[in-house]
Amino acid sequence: VPNLSLVIVGHSLGGGVAAVLATMWKQRFANRVRSIGFGNPCVFPLAITSSCDNIISVTGEGDPFACFSLGHIADLTKALSKLCSDDGFRNK
């Protein structure tokens, strides 16, 4: 087997997918896989990012999607659900 490396590149959601795949395949391919993402969303909790040394993420200053995570979506869903169930709010 040749000693090749794999670089997965993506933009936005594709960058997030690239980061997840690079993490999943890091052990399997003996640290020969990396990802480079441009404007990708947050896909890992901050607590485990120290083990993600094979991921490069390039974001623009003030890019809201780079900070938007699944936890944020869950919180937003709960808040919207609560607002929608408030008859006083809905009827205004």
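**Exercise 1.** Is tryptophan 25 buried, exposed or partly exposed?

*Solution.* The model is a predicted one. Tryptophan 25 has a relative accessible area of 30%. Buried means under 20% and exposed means over 50%, with partly exposed in between. Tryptophan 25 is therefore partly exposed.

**Exercise 2.** Find the aromatic pair in the structure and state its geometry.

*Solution.* Searching the whole structure gives one aromatic pair. The partners are tryptophan 25 and phenylalanine 29, whose ring centres lie 5.9 Å apart. Their planes stand at 75°. Planes over 60 degrees apart count as edge-to-face, so this pair is edge-to-face. Phenylalanine 29 has a relative accessible area of 31% and is partly exposed.

**Exercise 3.** Describe the surroundings of lysine 26.

*Solution.* Begin with its place in the chain: lysine 26 is in the loop between helix H1 (13-25) and strand S2 (33-38). Next comes accessibility. The relative accessible area of lysine 26 is 14%; since buried means under 20%, lysine 26 is buried. Last come the neighbours. Leaving aside residues up to four places away in sequence, lysine 26 touches Asn31, Val33, Ser51, Asp53 and Asn54. With one of these, aspartate 53, the side chain of lysine 26 makes a side-chain polar contact at 2.6 Å.

**Exercise 4.** Identify the salt bridge and say which parts of the chain it ties together.

*Solution.* One salt bridge turns up in a search of the whole structure. Lysine 26 forms it with aspartate 53, and the closest N and O atoms are 2.6 Å apart. Lysine 26 lies in the loop between H1 and S2, while aspartate 53 lies in the loop between S2 and strand S3 (55-58), so the pair ties together parts 27 residues apart in sequence. Now take the accessibility of the two partners. Lysine 26 is buried at 14%, whereas aspartate 53 is exposed at 62%.

**Exercise 5.** Work out how the sheet is arranged and where H1 sits on it.

*Solution.* Start with the order. Three strands make up an open sheet, in the order S1-S2-S3, with parallel pairing. Strand S1 (6-11) and S3 are the edge strands, as each pairs on one side only. From one strand to the next, the twist averages 10°.

Then look at one pairing. S1 and S2 run parallel and are joined by six bridges. Histidine 11 stands opposite phenylalanine 38 in S2.

Finally, place the helix. H1 packs on the sheet and touches S1, S2 and S3. The direction of H1 makes about 155° with that of S1.

Terms used:
Residues numbered from 1 in each chain as written. Predicted model: local features only at pLDDT ≥ 70, side-chain atom pairs only at ≥ 80, totals over all residues. Heavy atoms only, no water. Helix = DSSP H or I, 4+ residues; strand = E, 2+ residues; numbered from the N terminus. Buried < 20%, exposed > 50% of the residue type's maximum accessible area, 1.4 Å probe, protein only. Polar contact = N/O pair within 3.5 Å; in protein donor to acceptor, adjacent residues only side chain to side chain. Contact = heavy atoms within 4.5 Å. Phe/Tyr/Trp six-rings, centres within 6.5 Å; stacked < 30°, edge-to-face > 60°. Salt bridge = Lys/Arg side-chain N within 4 Å of Asp/Glu carboxyl O. Pairing = 2+ DSSP bridges. Axes fitted to C-alpha atoms, helices over the stretch in contact; angles between N-to-C directions.
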